[in-house]
Amino acid sequence: MRQSYPAIQTAGATVLAITFESQDHTRNFIARQELPFPFALDPARDSYAAYGLQRGGAMQLSLNPGVAAKTIAIGLRNPGHLAYLAEGPQHDYKQLGGDFVVGPDGRLRYAKASLNAADFAPLADLLAAVKP
Amino acid sequence: MARRLQVGDPAPDFTLPLLDGGPVNLSDYRDRPLILLFTRWLG
């Protein structure tokens with residue numbers, strides 16, 4: 001998303017991320033990934049519930065080949081990732097995310113609840129939804 | 001748990017604290033389209 005941010009700005013949109021993770025963990029993640037957009041914190045996940053985002057099951061997490069491959073790839077690039085997983089329940093790896101585009105009228109132009117931990121909205125779809 | 005949202009639905013409002021301080025409301029973003037990213041775990 002870091003590389004995509006200029007294209008998003010050029011398209012006239014802004015970005016807000018919402019996370020259930022802790023303040024410190026989020027801050028470290030942002031620094032590692034060099035993310036340029038703001039993060040809001042929702043440890044209670046009330047906004048996740050309002051947007052219909054659920055926790056995944058085994059198939060969506062560990063038994064999904066795409067998720068397993070991504071987890072291994074991340075682990076090879078970032079040893080801290082495996083330590084993260086080993087930290088246990090304070091990091092809820094079952095919580096699924098989602099990507100939405102909200103128009104100035106307050107209505108959804110795009111809505112994608114992730115089907116698994118490796119499922120993200122394509123940038124092209126987000127940019128198409130941003131256009132008037 | 002809310003039903004799965006669809007294009008055209010009103011986006012549910014929220015008021016949350018920003019990591020860098022201060023509250024943020026969905027209604028703060030009425031001047032331009034907003035890409036709203038809900039994260040999974042930040043590994």
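## Arg45 of chain A

In this predicted model, Arg45(A) counts as partly exposed, with a relative accessibility of 22%. The residue lies in the loop between strand 2 and helix 3 (46–50) of chain A. Phi of Arg45(A) is positive, near 60 degrees, although the residue is other than glycine.

## Glu34 of chain A

A positive phi also occurs at Glu34(A), at about 55 degrees, and this residue is not a glycine. Glu34(A) is placed in the loop that links helix 2 (23–33) to strand 2 (39–41) of chain A. Its relative accessible area is 54%; because the threshold for exposed is over 50%, Glu34(A) is therefore classed as exposed.

## Extent of the interface

The contact between the two chains involves 34 residues of chain B and 63 residues of chain A. Together, chain B and chain A bury about 4500 Å², and 65% of this area is on carbon and sulfur atoms. Three residues, Leu19(B), Phe38(B) and Trp41(B), account for 20% of the area that chain B buries against chain A, more than any other three residues.

## Polar and charged contacts

Between chain B and chain A, 22 residue pairs are found in polar contact, with both residues at pLDDT 80 or more. The interface also holds 1 salt bridge. In this salt bridge the side chain of Asp20(B) meets that of Arg27(A), with an N to O distance of 3.5 Å.

## Composition of the chain B side

On chain B, the elements that give two or more residues to the side touching chain A are strand 1 (15–17) and strand 3 (34–38). Strand 3 of chain B supplies the largest share, 5 residues. By class, the side of chain B that touches chain A comprises 23 nonpolar, 4 polar and 7 charged residues.

## Strand pairing between the chains

Strand 3 of chain B is also joined to a strand of the partner chain: 5 bridges connect it to strand 3 (residues 98–102) of chain A. The two strands run antiparallel. Within this pairing, Asp99(A) stands opposite Leu37(B), a residue of strand 3 of chain B.

Technical notes. Residues are numbered from 1 along each chain as its sequence is written. Chains are lettered from A and ligands numbered from 1 in the order in which they are written. This is a predicted model: local features need pLDDT of at least 70, side-chain atom pairs count only at pLDDT 80 or more; totals for chains, interfaces and linings use all residues. Side-chain values use heavy atoms; hydrogens and water are left out. Contact means heavy atoms within 4.5 Å. Buried area is the accessible area (1.4 Å probe) that two parts lose on being put together, summed over both. A salt bridge is a side-chain nitrogen of Lys or Arg within 4 Å of a carboxyl oxygen of Asp or Glu. A polar contact is a pair of N or O atoms within 3.5 Å; within protein, one must be able to donate a hydrogen and the other to accept it, and residues adjacent in sequence count only if both atoms are side-chain atoms. Helices (H or I, at least four residues) and strands (E, at least two) are DSSP runs, numbered from the N terminus. Ala, Val, Leu, Ile, Met, Phe, Trp, Tyr, Cys and Pro count as nonpolar, Asp, Glu, Lys and Arg as charged, and the others, Gly among them, as polar. Two strands pair if DSSP finds at least two bridges between them. Buried means under 20% relative accessible area, exposed over 50%, partly exposed in between (1.4 Å probe, protein chains only).
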